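Thanks for coming, everyone. I have one chain to walk through today. Let me put it on the screen.

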Amino acid sequence: MDRVAKETFVTELRDRLNKAPVIYLTDFTGLSVKEMTGLRRSLKESGAEYLVVKNRLAKLAFAETELPNITENLEGPTGMVFGYDGPVAPAKALSEFAKLHDKKPTFKLGIMDAEILDTAQINRIAELPSHEVLLAQLAGVMEAPLAELASVLGAKLQEMAGLLGALQARGPEEPAGEEAVEEPAEEEAVEEPAGEEAVEEPAEEEAVEEPAEEEGEED
């Protein structure tokens, strides 16, 4: 591998390291080419990628990332698993493959969310239900309440349909006419009270005659 090819490999490996949310380092010692092909196929089906790397170039790629320093673990044959769809499926695929191939490959370590995982943690992840199983379990939990709700809604719809059918069969009803309300009889005219009799003005008093002037006394 010439210099340009090495630089290209380091750049591409760095991009994979930054892209994958989970990374597993494995030792594939003892696996044949045919078995390695089967391992790659199995991991691809789980949404992961398997890549055999040279440790020296892997150290250069890790140095260009913010991932933990795992230089001391980059010894011996190293195959990297890049889990693009989560940690469970690739860990489970590796574990199942190892059971059928004399415990090969073996885990070195893992990296998830910039944290290092030891082999015990990876094995526990491999025992977790897969994404598909979790979805099926969730659907089962939700199925019963949804079925009950659908049954109740169906019964209500049938009840409403029955009521509508009954109303249509009866036809529209004429509203009952309102009874005529008798107008109250007109009040009898109230007679005006008789006017007070005219009071006669008292007759003018007869003029009192002034007494005649006394005749002058004779001298």
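When I say helix or strand, I mean a DSSP run: at least four residues of H or I for a helix, at least two of E for a strand, numbered from the N terminus. On that basis, the chain has six helices and five strands. Keep in mind that this is a predicted model.

Start with the overall layout. Along the sequence, the pattern reads α-β-α-β-α-β-α-β-β-α-α. The chain has 219 residues, and 26% of them count as buried. Its accessible surface is about 17,400 Å², with 53% of that belonging to carbon and sulfur atoms. Now the contacts. Take those with a separation of 6 or more: 79% of them come from residues 24 or more positions apart.

Next, the sheet. In what order do the five strands lie? The order is E2-E3-E1-E4-E5. The sheet is open, and the pairing is antiparallel. At the edges sit E2, residues 48-53, and E5, residues 115-117, each pairing on one side only. On average, neighbouring strands are turned by 20° against each other, direction ignored.

Let me take E1, residues 22-27. Is E1 mostly covered or mostly open? Mostly covered: five of its six residues are buried. On one pairing, five bridges join E1 to E3, running antiparallel. Look at Val-22 here, which stands opposite Gly-83 in E3. E1 also pairs with E4, again in the antiparallel sense, over six bridges. There, Asp-27 has Thr-106 in E4 as its bridge partner.

A reminder while the sheet is up. In a regular strand, side chains alternate between the two faces of the sheet.

Moving along to E4, residues 106-112. Three bridges join E4 to E5, and these two strands run antiparallel.

Helix H1, residues 3-19, lies across E1, E2 and E3, where E3 is residues 78-83. H1 runs at about 145° to E2. Helix H2, residues 33-45, packs on the sheet too, touching E2 and E3. The direction of H2 also makes about 145° with that of E2.

Last topic: H1 against H3. Helix H3 covers residues 55-63. The axes of H1 and H3 come within 8 Å and cross at roughly 55°.

Pick out Leu-60, in helix H3. Is Leu-60 buried, exposed or partly exposed? Its relative accessible area is 43%. Buried needs under 20% and exposed needs over 50%, so Leu-60 is partly exposed. Leu-60 and Arg-14 are 46 residues apart in sequence. In space, C-alpha to C-alpha, Leu-60 and Arg-14 are 8.6 Å apart.

That is the tour. Questions, please.

Notes: Residues are numbered from 1 along each chain as its sequence is written. This is a predicted model: local features need pLDDT of at least 70, side-chain atom pairs count only at pLDDT 80 or more; totals for chains, interfaces and linings use all residues. Side-chain values use heavy atoms; hydrogens and water are left out. Two strands pair if DSSP finds at least two bridges between them. Axes are lines fitted to C-alpha atoms, for helices over the stretch in contact, and angles run from 0 to 180 degrees between N-to-C directions. Contact means heavy atoms within 4.5 Å. Buried means under 20% relative accessible area, exposed over 50%, partly exposed in between (1.4 Å probe, protein chains only). Accessible areas come from the Shrake-Rupley method with a 1.4 Å probe; for residues, only the protein chains shown count as cover.
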